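Visitor: Could you take me through the model shown below, one question at a time?
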Amino acid sequence: MEKPTTLFDRVGGEQGVKNLVRSFYDRVLKDPELASFFEGASIDRLFKMQYEFFAAALDGPVTYSGLSIHQAHFGLGIDKDDFCRFVNHLIDTLRTWQISDQEIQSLISRVNTYADEVTGSAVVVD
Ligand code: HEM
């Protein structure tokens with residue numbers, strides 16, 4: 001029986017996911033409501049870590065090696081509206097890729113599980 005393909009494969013493997021992350025961050029960094037959060041950040045590191053995070057979230061053969069999502073966003077003052085804007089940019093980006101609405105929904109459901117960690121409203125034992 002043929003091995004089922006992962007979303008990572010369907011998005012285009014390593015290069016496809018890198019393109020997706022770049023295109024997503026182009027939108028986020030151009031959004032005047034969100035850009036200021038990234039002023040002190042190393043964008044190179046952010047791309048590398050976001051690639052790993054998304055590759056792993058799309059069931060690709062990659063292990064995420066960055067900070068915990070709680071630690072990465074601790075003290076940045078991101079609220080629920082910021083989180084929603086960010087996720088809406090991700091949805092808009094995914095809609096330009098060849099993946100179904102159902103697959104987009106399944107990825108967004110996974111991303112939504114991090115809302116409390118990103119906004120600092122989760123209790124986390126580090
Ligand atoms: C589910 C949603 C999110 C995920 C999965 C996510 C993921 C990540 C990852 C993997 C990193 C890099 C961690 C590292 O350097 O080891 C990071 C850093 C960062 N994220 Fe997010 N993020 C999310 C939402 C947001 C939102 C909503 C904002 C702002 C509006 C944001 C702003 C930042 C900033 C500014 C950094 C850099 C922090 C620094 O270098 O000091 N993130 N994020």
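**Helix packing and the iron site**

Guide: In this predicted model, α5 and helix α6 (residues 101-112) pack at an angle of about 155°, with their axes 11 Å apart.

Visitor: How are α5 and α6 oriented to each other?
Guide: The angle between the two axes is about 155°. Angles over 145 degrees count as roughly antiparallel. Because of that cut-off, the orientation of α5 and α6 is roughly antiparallel.

Visitor: By class, how many residues of the contact of α5 with α6 are nonpolar?
Guide: The crossing of α5 and α6 is right-handed, and the contact is made by F83, V87, L90, I91, L94 and R95 on the α5 side and by D101, I104, L107, I108, V111 and N112 on the α6 side. Sorted by class, this contact has two charged residues and one polar residue, while the number of nonpolar ones is nine.

Visitor: Is α2 parallel or oblique to α5?
Guide: Helix α2 (residues 13-30) packs with helix α5 (residues 80-95) at an angle of about 135°, the axes being 9 Å apart. Since angles over 145 degrees count as roughly antiparallel and 65 to 115 as roughly perpendicular, the remaining description applies, and α2 is therefore oblique to α5.

Visitor: Which residues of α5 make the contact with α2?
Guide: The crossing of α2 and α5 is right-handed. On the α2 side the contact is made by L20, S23, F24, Y25, R27 and V28, and on the α5 side by F86, H89, L90, D92, T93 and L94.

Visitor: By class, how many charged residues has the contact of α2 with α3?
Guide: α2 and α3 pack at an angle of about 125°, with axes 9 Å apart, and are therefore oblique to each other. In this contact E14, V17, K18, V21, R22, F24, Y25 and L29 of α2 meet I43, L46, F47, Q50, Y51, F54 and A55 of α3. By class there are eleven nonpolar residues and one polar residue, and the charged ones number three.

Visitor: With which residue does D31 form a salt bridge?
Guide: The structure holds six salt bridges, and in the one formed by D31 the closest N and O atoms are 2.9 Å apart. This pair links distant parts of the chain, 54 residues apart, with D31 in the loop between α2 and α3 and the partner in helix α5. That partner is R85.

Visitor: Which residue is the only protein donor of the iron atom of the ligand?
Guide: The donor atom is NE2, at 2.0 Å from the iron, and the residue that carries NE2 lies in helix α4 (residues 69-73). The only protein donor is H73.

Methods:
Residues numbered from 1 in each chain as written. Predicted model: local features only at pLDDT ≥ 70, side-chain atom pairs only at ≥ 80, totals over all residues. Heavy atoms only, no water. Donors = N, O, S within 2.8 Å, 3.2 Å for Na, K, Ca; no water. Helix = DSSP H or I, 4+ residues; strand = E, 2+ residues; numbered from the N terminus. Axes fitted to C-alpha atoms, helices over the stretch in contact; angles between N-to-C directions. Parallel < 35°, antiparallel > 145°, perpendicular 65-115°, else oblique. Left-handed = near helix turned anticlockwise from the far one by under 90°. Contact = heavy atoms within 4.5 Å. Salt bridge = Lys/Arg side-chain N within 4 Å of Asp/Glu carboxyl O. Nonpolar A, V, L, I, M, F, W, Y, C, P; charged D, E, K, R; others polar.
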